[in-house]
Amino acid sequence: MSENNNIKNKWLHVRLNDTEHKQLTDNFSKTTERKLSRYARKILLAEPVTVIHRNGSLDDLIAVLTRLQSDLNGVTNNYNQMVHRLHMADNAREINAWIKGYENEKKNLFAAINEIKVIITQTAKQWLR
């Protein structure tokens, strides 16, 4: 069997004050590392650390767009309920009149929904870079 040099069997104890610990954990939270020990080891050994860079102005935009997407889902549900009620109606003249008037509204609604979904997708892709 070959000897494994990757076994970590040496301990290093480091004492930090509250300010230093907060600074360490704040810097750790901005990286892609999942374990604080791995992050600290990379810092101590001067290895490269991948830092996450985000456009702060997009964070607020993402929150707004997420709420907008929820609202759109509600509108879609309402639309489906209206169609269901239409299918349950029994007066043919009222149904035909309702369908003619509502077709324009449906086209406008779905055009707006598609446009907003495209904007949300583009913004999310940019935000996740």
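Is Phe28 buried or exposed, at 17% relative accessibility? Phe28 counts as buried, because its relative accessibility is 17% and the buried class lies under 20% relative accessible area, with exposed over 50% and partly exposed in between (1.4 Å probe, protein chains only).

The structure is a predicted model, in which local features need pLDDT of at least 70, side-chain atom pairs count only at pLDDT 80 or more, and totals for chains, interfaces and linings use all residues. Residues are numbered from 1 along each chain as its sequence is written, and side-chain values use heavy atoms, with hydrogens and water left out.

The secondary structure comes to 4 helices and 0 strands. Helices (H or I, at least four residues) and strands (E, at least two) are DSSP runs, numbered from the N terminus. The order of elements from the N terminus is α-α-α-α. The protein has 129 residues, and buried residues make up 13% of them. Accessible areas come from the Shrake-Rupley method with a 1.4 Å probe; for residues, only the protein chains shown count as cover. Contact means heavy atoms within 4.5 Å. Among contacts between residues at least 6 apart in sequence, 44% join residues at least 24 apart.

Aromatic pairing was examined next. Rings of Phe, Tyr and Trp (its six-membered ring) pair if their centres lie within 6.5 Å; planes under 30 degrees apart count as stacked, over 60 as edge-to-face and the rest as tilted. The count by this rule is 1 aromatic pair. Phe28 and Tyr39 form this tilted pair, at 5.7 Å centre to centre with 50° between the planes. Phe28 lies in helix H1 and Tyr39 in helix H2 (residues 36-44), so the pair ties together parts that are 11 residues apart in sequence. Tyr39 counts as buried, because its relative accessibility is 6%.

Thr31 is placed in the loop between H1 and H2. Thr31 has a relative accessible area of 8% and is therefore buried. Polar contacts are pairs of N or O atoms within 3.5 Å; within protein, one must be able to donate a hydrogen and the other to accept it, and residues adjacent in sequence count only if both atoms are side-chain atoms. The Thr31 side chain reaches the backbone oxygen of Phe28 at 2.7 Å. A polar atom of the Thr31 side chain also lies 3.3 Å from the backbone nitrogen of Glu33. With neighbours within four places in sequence left aside, Thr31 is in contact with Tyr39, Val49, Thr50, Val51 and Ile52.

Glu33 is found in the loop between H1 and H2. Its relative accessible area is 15%, so Glu33 is buried. Not counting residues up to four places away in sequence, Glu33 touches Phe28, Arg38, Tyr39 and Lys42. The side chains of Glu33 and Lys42 are joined by a polar contact of 2.7 Å. Glu33 and Lys42 also meet in a salt bridge (2.7 Å, N to O). A salt bridge is a side-chain nitrogen of Lys or Arg within 4 Å of a carboxyl oxygen of Asp or Glu. Lys42 counts as buried, because its relative accessibility is 12%.

By this rule the salt bridges number 2. Another salt bridge joins the side chains of Asp26 and Lys22 (2.9 Å, N to O). Asp26 and Lys22 both lie in helix H1, 4 residues apart, about one turn of the helix. At 32% relative accessibility, Asp26 is classed as partly exposed.

A nonpolar surface patch was also found. Leu12, Val14, Leu16, Leu44 and Leu45 form this patch, with about 520 Å² of accessible area together. Patches are made of residues with over 30% relative accessible area and no salt bridge: like charges are joined within 9 Å, nonpolar side chains (Val, Leu, Ile, Met, Phe, Trp, Tyr) within 5 Å. Val14 sits in the segment before helix H1 (18-29). Its relative accessibility is 55%, so Val14 counts as exposed.

Two further sites complete the survey. Ala46 is not a glycine, yet has a positive phi of about 55°. Ala46 is located in the loop between H2 and helix H3 (56-88). Ala46 counts as exposed, because its relative accessibility is 68%. Gln69 lies in helix H3. Gln69 is partly exposed, with a relative accessible area of 37%. The C-alpha atoms of Gln69 and Lys117 are separated by 7.7 Å, while the two residues are 48 residues apart along the chain.
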